[in-house]
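Keep the sequence and the structure at hand while reading.

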Amino acid sequence: MDVTRRASHNASDMTRFMLLDVMVRMLAIGQLLLIAMVIGRGAAPRTIRLVSAPLLLCVAAYLTVAAPLFRPAHGLLWSVVRLAAQSVPWLLWLFAHCLFERRVDRRVAVIGVATLQLCWLTYDFAGQMAAQARFAAALVQHVVSLLLIAHAMTIALSERSDDLIEKRRRLRVGFVVVVGTLSVVVLVLEMLSGFRHASPGIAFAQASAILIATTAMGIALLQSDPDLLFNPSRPAPAPSLSPAEHVLRQRLDTLIAGAIHREPGLSVGSLADRLDTPEHRLRSLINQRLGYRNFSAFLNHHRIAEAKSWLADPARVDLPILTIAMDLGYGSLATFNRAFRDETGQAPSEFRRAAIIPGCEPS
């Protein structure tokens, strides 16, 4: 009788956990869809809108397939939902690039998505007899996912000093602490469990953590609009300078005229020291008054303007492009070529040829 009563009590506790789990997951999914709609209808750059919606939908897919209520779930539809859930790390990696305005390495993107899809095909369609193949596919998928998330976290932190938007600088830390850490913990727990379904208690804890992370990131993103989700191709007119900002701008222009922008490794902190001004004041001036979102963009603007002048000068026609890159403070020719092409749409050699030879079109 006691055994029966205990079994009934355990079953009742399990039912409560499952009901709470479903409630938390439904709340998180609703919140994800709401954030996706708000960002999609906002003034964010098109790339962020195109990446954020699939990311949020795939997080919702993960909340669905990981729910104890839906286990076991088979069929083509659930396989597609599982593919969406497994795509979260890759989309999170892509979202970090878009949010922090970083160039996407297409080779890494293609390798990442191809690996995840191959693992999904192996895991879902290898059949029950190929248990070792399915385990290997799940292991590879989780390792690749951890690498993508680790890279996204590195992007968020490593380029924080270059970021001129104070709200986004804080978001970088929050992205790593909340989103990155939670993603790593979820993946590691799944690996330690041998890719078996988590117990209802652990599943409920994971769903609750995702709800908290979703709430925190939603508040950070939506409250910071348009600072974070602002389209840089349509900048708002900068307000007039205050007397203190006007003086700081004049001192900055004097240093630029003295070619301080050519110094290798110049940072916003070292430039603030040279101006004998707090770093946050210089960041505010360059970002909110001069319109640059990253310090590297500010430097590239002045460096590339000078590079164009040198490349168009017949007296410097024999000066190697590598020498020009080094003299302007770039650490490598590849970095200079990329910055020059981003600014002008041409390679430095093409620009020189068109500038020196009248009527010559770039090849």
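A residue counts as buried when its relative accessible area is under 20%. At 7% relative accessibility, Q141 is therefore buried. The model is predicted, and the points below are grouped by topic.

**Q141**
- Helix α6, which covers residues 131-158, contains Q141.
- Leaving aside residues up to four places away in sequence, Q141 touches Q86, L116 and C119.

**Helix α4**
- Helix α4 runs over residues 88-99 and has twelve residues.
- From its first C-alpha to its last, α4 reaches 16 Å, close to the 16 Å expected at 1.5 Å a residue.
- α4 is mostly covered, with twelve of its twelve residues buried.
- Among the buried residues of α4 are the tryptophans W90 and W93, as well as P89, F95 and H97.
- After α4 comes E101, which has a positive phi near 55 degrees.

**The largest nonpolar core**
- In soluble globular proteins, nonpolar side chains tend to be buried together.
- Here the largest nonpolar core has 54 residues.
- W90, F95 and F175 are the residues with the most contacts inside this core.
- At least two residues of this core come from each of α1 (2-40), α2 (46-65), α4, α5 (106-125), α6, α7 (166-192) and α8 (200-223).
- α2 gives the largest share of this core, eleven residues.
- W90 of α4 touches A109, G112, V113, L116 and L148, not counting residues up to four places away in sequence.

**A second core**
- A second, separate core has 18 residues.
- L271, L275, F295 and F298 are included in this second core.

**Helices α10 and α11**
- Two packed helices are described by the angle between their axes and the distance between the axes.
- Helix α10 (residues 268-275) packs with helix α11 (residues 279-289) at an angle of about 105 degrees, and their axes are 9 Å apart.
- Angles of 65 to 115 degrees count as roughly perpendicular, so α10 and α11 are roughly perpendicular to each other.
- On the α10 side, the contact is made by V268, G269, L271, A272 and L275.
- On the α11 side, E279, L282 and R283 make the contact.
- The residues of this contact divide into five nonpolar, one polar and two charged.
- L271 and L275 take part in this contact and are also included in the second core.

Definitions and conventions: Residues numbered from 1 in each chain as written. Predicted model: local features only at pLDDT ≥ 70, side-chain atom pairs only at ≥ 80, totals over all residues. Heavy atoms only, no water. Axes fitted to C-alpha atoms, helices over the stretch in contact; angles between N-to-C directions. Helix = DSSP H or I, 4+ residues; strand = E, 2+ residues; numbered from the N terminus. Parallel < 35°, antiparallel > 145°, perpendicular 65-115°, else oblique. Contact = heavy atoms within 4.5 Å. Nonpolar A, V, L, I, M, F, W, Y, C, P; charged D, E, K, R; others polar. Buried < 20%, exposed > 50% of the residue type's maximum accessible area, 1.4 Å probe, protein only. Expected span 1.5 Å × (residues − 1). Core = buried A, V, L, I, M, F, W, Y, C linked by side-chain atoms within 4.5 Å.
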